[in-house]
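Welcome! Please take a look at the sequence and the 3D structure below, and then we can walk through some of the details together.

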Amino acid sequence: MRVEAQASPQSRNEALFARAQGVLAGGVSSPVRSFRAVGGTPRFIGRASGAHLTDEDGHTYIDFVLSWGAVILGHAHPAVVSAIKAAAERGTTYGAATEAEVALAEAIQKDMRSLELLRFVNSGTEAAMSALRVARGFTGRDLVVMFEGCYHGHADPFLTKAGSGVAAAGLPKSAGVPAGAARDTIVLPFNDEAALERAFKETRGGIAAAIVEPIPANMGVVLPRPGFLERLREVCEEHDSLLIFDEVVTGYRVGRGGAQGRLRIEPDLTCLGKVVGGGLPAAAFGGRREVMENLAPLGPVYQAGTLAGNPLVMAAGLATLRALTPAAYEQLDAAAARLENALKGSAAAAGVPLTTARAGGMVGAHLRSGLVENFADARATDLDGYRRLFHALLGRGIYFPPSPLEALFVSLAHGASAMAKTDRAAADAFATLGRRVG
Ligand code: PMP
């Protein structure tokens, strides 16, 4: 019997999602894009300009995701586009050394002095994975400390959840991660100095490194308590362990010198990504010369990449960093403050509990009252409320992250009219969530 073809989907987004699911696992190239966390059909983006995304149905949204923080100048910034075009005309990849890599590395080093030597890679995952390998090679130790709610990409040692005791072996957080890879990771609560001290003491000199997002942006935005990172720095020194700052998000986002410049704490190693590639796939890791000199070809720690330091990517990164003047950071701060105020004001007017946090050009918004200092606090937000808020905003032309517990990002293209539209949309969207009193 012939089965009738399904009625044609009403929208191109829907049609594309149906087609995508036939060829891409889950229809996407990265899970969060599937909208699983918020429900509904993911928007397939056809073009973007400045603060705006346009989907395949022709709907335009003000974008507060910005490729998860990468697009700090705004989409299709003319300086970035022309730098990429000019580089492409000279060849897209050589697999050989170029001047652009040297120039971008020099620019980064000027901004973050702790990166005495660095290396380019293609993703934040690679940066964190490689930084840990060089730390292990340098110290001759295996254990790594990380903090619950921080994200360091999807390499095995970081896909770990906490074991039962403070310094207990971690457990795999994903299928396919061998117990052995998780066993060397100790997962601690963020902002908890006592847990930190206990873990270092109990493991007696076994810890190669502690890795941390100095201002976590993967459980919403959570600010470090005064003294916490300073104590982490001290404890690492006391135990001859290295401190790795994962600044994949915060690098160039919370200021030209990253979180380390803002907080005046010098890590041994740093991971960068996102902004550093100007919206193309670049990341980097680097730090103290004597540590980085363990990398091949100088030392015994192996790490390599066919497309690492790609000339298009380096050109986009350089053009981006050139535009990040002190005035640009003032503008980013102002846009982020305006977003934070819009959310706070709208939530208050609607009687919806909301706790916000802001650092430079990023904002965190948790649908709960009270302080959010760690993952347990972050998780105790109204996750269903976020789903409703997300769709209420999307329907009003505002694109927030399709998952709760993500940071909101602004760009230099988020000017007065975009922010005025956001103010109105936020007020209306929160009103739909508001409790009706009386
Ligand atoms: N570190 C941090 C702090 C991140 O936020 C991310 C990704 N959002 C990564 C590492 C991994 O980067 P990528 O997705 O480029 O592998």
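**A first look**

Glu340 counts as buried, with a relative accessibility of 10%. Here "buried" stands for under 20% relative accessible area, "exposed" for over 50%, and "partly exposed" for values in between, using a 1.4 Å probe and protein chains only. This is a predicted model, in which local features need pLDDT of at least 70 and side-chain atom pairs count only at pLDDT 80 or more, while totals for chains, interfaces and linings use all residues. Residues are numbered from 1 along each chain as its sequence is written, and side-chain values use heavy atoms, with hydrogens and water left out.

**Salt bridges**

- A salt bridge is a side-chain nitrogen of Lys or Arg within 4 Å of a carboxyl oxygen of Asp or Glu.
- Side chains of opposite charge can pair when their charged atoms come close.
- How many salt bridges does a search of the whole structure find? The search finds 15.
- Buried Glu340 takes part in one of them, meeting the side chain of Arg358 at 3.0 Å, N to O.
- Arg358 belongs to strand E13 (residues 355-359) and Glu340 to helix H12, so this pair ties together parts that are 18 residues apart in sequence. Helices (H or I, at least four residues) and strands (E, at least two) are DSSP runs, numbered from the N terminus.
- Arg358 is partly exposed, at 32% relative accessibility.
- A salt bridge also links Arg338 with Asp423, whose closest N and O atoms are 2.6 Å apart.
- Why does this pair tie together parts that are 85 residues apart in sequence? Arg338 lies in helix H12 (residues 326-350), while Asp423 lies in helix H15 (residues 416-433).
- Arg338 is partly exposed at 33%, and Asp423 is partly exposed at 26%.
- Arg233 and Glu237 form a salt bridge through their side chains, at 3.2 Å from N to O.
- These two residues, Arg233 and Glu237, sit 4 residues apart in helix H8 (residues 228-238), so about one helical turn separates them.
- Is Arg233 buried or exposed? Arg233 is buried at 13% relative accessibility, whereas Glu237 is exposed at 51%.

**Strands and sheets**

- Strands of a sheet pair through backbone hydrogen bonds, either parallel or antiparallel.
- In this briefing, two strands pair if DSSP finds at least two bridges between them.
- Four strands make an open sheet in the order E1-E2-E3-E15, and the pairing is mixed.
- Strand E1 (45-49) and strand E15 (398-399) are at the edges with a single partner strand each, so one side of each has no neighbour in the sheet.
- Strand E2 (residues 52-55) and strand E3 (residues 60-63) run antiparallel and are joined by 3 bridges. Leu53 stands opposite Tyr61 in E3.
- Strands E13 and E14 pair in the antiparallel sense over 5 bridges. Arg358 has Val363 in E14 as its bridge partner.
- E13 and E14 form a hairpin with 2 residues between them, and Gly360 in the turn has a positive phi of about 55 degrees.
- Strand E14 (residues 362-366) is mostly covered, with 4 of its 5 residues buried.
- E14 is also joined to strand E16 (residues 408-409) by 2 bridges, and these strands run antiparallel. Met362 has Phe409 in E16 as its bridge partner.

**Around the ligand**

- Which residues surround the ligand? They are Ser123, Gly124, Thr125, Tyr151, His152, Gly153, Glu213, Asn218, Asp246, Val248, Val249 and Lys274.
- The shell divides into 3 nonpolar, 6 polar and 3 charged residues. Ala, Val, Leu, Ile, Met, Phe, Trp, Tyr, Cys and Pro count as nonpolar, Asp, Glu, Lys and Arg as charged, and the others, Gly among them, as polar.
- A ligand oxygen atom is 2.6 Å from an N or O atom in the side chain of Thr125.
- For the side chain of Asn218, an N or O atom is 3.0 Å from an oxygen atom of the ligand.
- A nitrogen atom of the ligand is 2.7 Å from an N or O atom in the side chain of Asp246.
- The protein covers 80% of the 390 Å² of accessible area that the ligand has on its own. Such areas come from the Shrake-Rupley method with a 1.4 Å probe.

Conventions: A residue is near a molecule or strand if one of its heavy atoms lies within 4 Å of it. A polar contact is a pair of N or O atoms within 3.5 Å; within protein, one must be able to donate a hydrogen and the other to accept it, and residues adjacent in sequence count only if both atoms are side-chain atoms.
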